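Work through the following exercises with the sequence and the structure at hand, and try each task before you read its solution.

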Amino acid sequence: MKGLFLAVAGLTAVFLSSAIAADKLDPSCGGCHALAKPTDTSLERLLTRKGPDLWFAGSKFNKEWLVSWLQDPKPIRPAGYPYFKNIKKGAKHDEIDQSKIAAHPKLKKADAEATAEALMALKAPADLVPAGAFKGDMKGSRMGGLAFIKFRGCVACHQGENGEGGLSGPRLTDAGARLQPDFIAAYTSDPQRFDPHIWMPTSNLKDLDVQRLTAFLVQLGQGGK
Amino acid sequence: MKTQMLAAIAGLGLLLASSTSHADQSIEQIYGVYCVQCHGLQRNGTGINVPALSVKPRDHTEAKGMGDTPDDELFKAIKEGGLAVNKSVLMPTWGRVLSEDQIKGLVKYLRQVCKCGK
């Protein structure tokens with residue numbers, strides 16, 4: 001009951017604060033995604049959430065990717081969202097319980113274009129995703145690849161090059177096509193600023209590390225190195 | 001006087017009992033969000049990420065290995081990561097995500113899981 005009240009209150013807040021963007025979005029989207037920054041920052045919210053937050057979508061995604069994904073929403077998080085609700089014991093190790101993962105709503109071309117437009121209007125505050133967070137030096141990408149797989153252990157949770165890697169975080173195999181470089185750099189340096197209890201650790205990376213990792217991820221899915 | 005004292009002690013006991021059982025429940029949830037991805041639903045190092053890991057995660061049910069690891073080392077491994085205790089970088093640093101109290105709670109919880117001391 002309290003949950004319902006909070007949900008209603010949350011929805012109201014969503015529609016008030018981003019009325020312009022939100023009225024172009026199908027109201028169903030807000031049922032699973034936060035379209036405005038949530039005031040509830042408790043662990044409880046993480047445990048009951050039905051989809052990733054979209055209140056900073058305009059500072060996260062590349063618009064072309066959104067338009068095509070919304071028409072053909074292939075899985076990004078191999079174990080769905082959140083992963084811990086969709087796993088079961090297996091013979092050798094835990095496995096994904098595919099029966100618990102529902103297909104994402106699919107949009108027609110015109111709707112996908114309008115929706116992408118509305119999502120791109122949901123910008124993060126400038127101090128969350130600072131313009132120029134990624135300084136644009138792509139030469140570090142080889143070192144970034146080594147850090148991803150070896151020295152920083154990102155591969156434990158993320159599928160990187162060739163789709164190899166862990167399953168509890170989003171696939172980054174096409175990160176460069178999907179995500180904006182400044183977002184990658186900002187999120188990698190401090191995920192909890194975006195999402196207070198998210199199960200990605202903050203590893204006290206030096207800026208040089210962040211730059212190299214970002215360069216590596218930016219070229220993933222861009223076709224060639 | 002004596003009865004008052006007794007009542008106070010009983011009250012305190014109740015308070016402690018209810019607060020620890022609540023803490024245990026939320027600590028188990030924390031294990032289920034952060035640790036299960038690698039250490040697994042069975043807590044024995046067989047999480048969903050295991051095929052991607054070059055070093056096997058610690059089996060938290062194994063009394064010998066866990067029993068040989070003191071509390072402060074477990075605390076340090078969770079807070080500062082595997083590298084801080086000469087282990088793999090694949091064990092992340094959770095100190096920016098979890099509070100000291102939550103990490104202390106996890107150490108206590110691990111002792112229940114391994115049914116081992118120290």
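**Exercise 1.** Locate Thr214(A) in its chain, and decide whether this residue is buried or exposed.

*Solution.* The model is a predicted one, and in it Thr214(A) has its place in helix H11 of chain A. The next step is to look at the relative accessible area, which is 0% for Thr214(A); because buried means under 20%, Thr214(A) is buried. Turning to its surroundings, and leaving out residues up to four places away in sequence, we find that Thr214(A) touches Phe134(A), Pro181(A), Ile184(A) and Ala185(A). Finally, the side chain of Thr214(A) reaches the backbone oxygen of Val210(A) at 2.7 Å.

**Exercise 2.** Describe how helix H7 and helix H11 of chain A pack, and find which residues make the contact.

*Solution.* Begin with the geometry: helix H7 covers residues 141-151 and helix H11 covers residues 207-219, and the two pack at an angle of about 95 degrees, with their axes 7 Å apart. Angles of 65 to 115 degrees count as roughly perpendicular, and H7(A) and H11(A) are therefore roughly perpendicular to each other. On the side of H7(A), the contact is made by Ser141(A), Met143(A), Gly144(A), Gly145(A), Ala147(A) and Phe148(A), while H11(A) contributes Arg212(A), Leu213(A), Ala215(A), Phe216(A), Leu217(A) and Gln219(A). Sorted by class, this contact has seven nonpolar, four polar and one charged residues.

**Exercise 3.** Find which helix of chain B has the lowest mean pLDDT and which has the highest.

*Solution.* Start from chain B as a whole, where the mean pLDDT is 87 and 78% of the residues reach 70 or more. Among the elements of chain B, helix H1 (residues 2-39) has the lowest mean pLDDT, 69, whereas helix H3 (residues 71-80) has the highest, 97. Over residues 13-21 of chain B the pLDDT is below 50, and this stretch has zero contacts in the model beyond near neighbours in sequence. For the complex, the predictor gives an ipTM of 0.87 and a pTM of 0.90.

Definitions and conventions: Residues numbered from 1 in each chain as written. Chains lettered and ligands numbered in written order. Predicted model: local features only at pLDDT ≥ 70, side-chain atom pairs only at ≥ 80, totals over all residues. Heavy atoms only, no water. Axes fitted to C-alpha atoms, helices over the stretch in contact; angles between N-to-C directions. Helix = DSSP H or I, 4+ residues; strand = E, 2+ residues; numbered from the N terminus. Parallel < 35°, antiparallel > 145°, perpendicular 65-115°, else oblique. Contact = heavy atoms within 4.5 Å. Nonpolar A, V, L, I, M, F, W, Y, C, P; charged D, E, K, R; others polar. pLDDT = per-residue confidence, 0-100. Buried < 20%, exposed > 50% of the residue type's maximum accessible area, 1.4 Å probe, protein only. Polar contact = N/O pair within 3.5 Å; in protein donor to acceptor, adjacent residues only side chain to side chain.
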